[in-house]
Amino acid sequence: MLTTFTLLVAAGAGCRLALSLALRRRYNLTIEIPQGFVVVLIVVACLPSWASPVTIPVPLGFVLGAVLPDLFVRRT
């Protein structure tokens, strides 16, 4: 049985994959987010709503699924 967090990670990764495939096929572009910005996104997503300087309207699991490829893979 999958938890909500696991399903959100899978949904984020799926959206990221679909977007990257569409951009590559249509415009020959690749999505690339700097690792420092990825870390900042994850930290802001982990903060409670009252302590967050910027509100991110998606849950932590979705953010992790969408940005984990940029955190693990370094493109040159």
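A residue is termed buried when its relative accessible area is under 20%, exposed when the value is over 50%, and partly exposed in between (1.4 Å probe, protein chains only). The structure described here is a predicted model, in which local features need pLDDT of at least 70 and side-chain atom pairs count only at pLDDT 80 or more, while totals for chains, interfaces and linings use all residues. Residues are numbered from 1 along each chain as its sequence is written, and side-chain values rest on heavy atoms, with hydrogens and water left out.

The protein contains three helices and zero strands, where helices (H or I, at least four residues) and strands (E, at least two) are DSSP runs numbered from the N terminus. The order of elements from the N terminus is α-α-α. The C-alpha trace spans about 40 × 35 × 20 Å along its principal axes. Of the 76 residues of the protein, 21% count as buried.

One salt bridge is present in the structure, defined as a side-chain nitrogen of Lys or Arg within 4 Å of a carboxyl oxygen of Asp or Glu. Asp-70 and Arg-16 form this contact through their side chains, at 2.9 Å from N to O. The pair links distant parts of the chain, with Asp-70 in helix 3 and Arg-16 in helix 1, 54 residues apart. Both Asp-70 and Arg-16 are buried.

On a 1 Å grid over the protein atoms alone, a pocket is an open set of points where a 1.4 Å probe fits, with protein on both sides within 12 Å along at least five of seven lines, and lining residues have an atom within 4 Å of a point. Of the 13 residues that line the largest pocket, Arg-16, Ile-33, Phe-62, Ala-66 and Val-67 are the closest to its centre. Helix 1 (4-27) and helix 3 each supply at least two residues of this lining. By class, the lining has eleven nonpolar, one polar and one charged residues.

Leu-47 is located in the loop between helix 2 (35-46) and helix 3 (60-72). Leu-47 is partly exposed because its relative accessible area is 35%.

Asn-28 occupies the loop between helix 1 and helix 2 and has a positive phi of about 60° although it is not a glycine. Asn-28 counts as exposed because its relative accessibility is 64%. Ala-45, by contrast, is found in helix 2 and counts as buried, at 18% relative accessibility. Ala-45 and Ile-31 are 14 residues apart in sequence, and their C-alpha atoms are 20 Å apart in space.

Definitions and conventions. Nonpolar A, V, L, I, M, F, W, Y, C, P; charged D, E, K, R; others polar.
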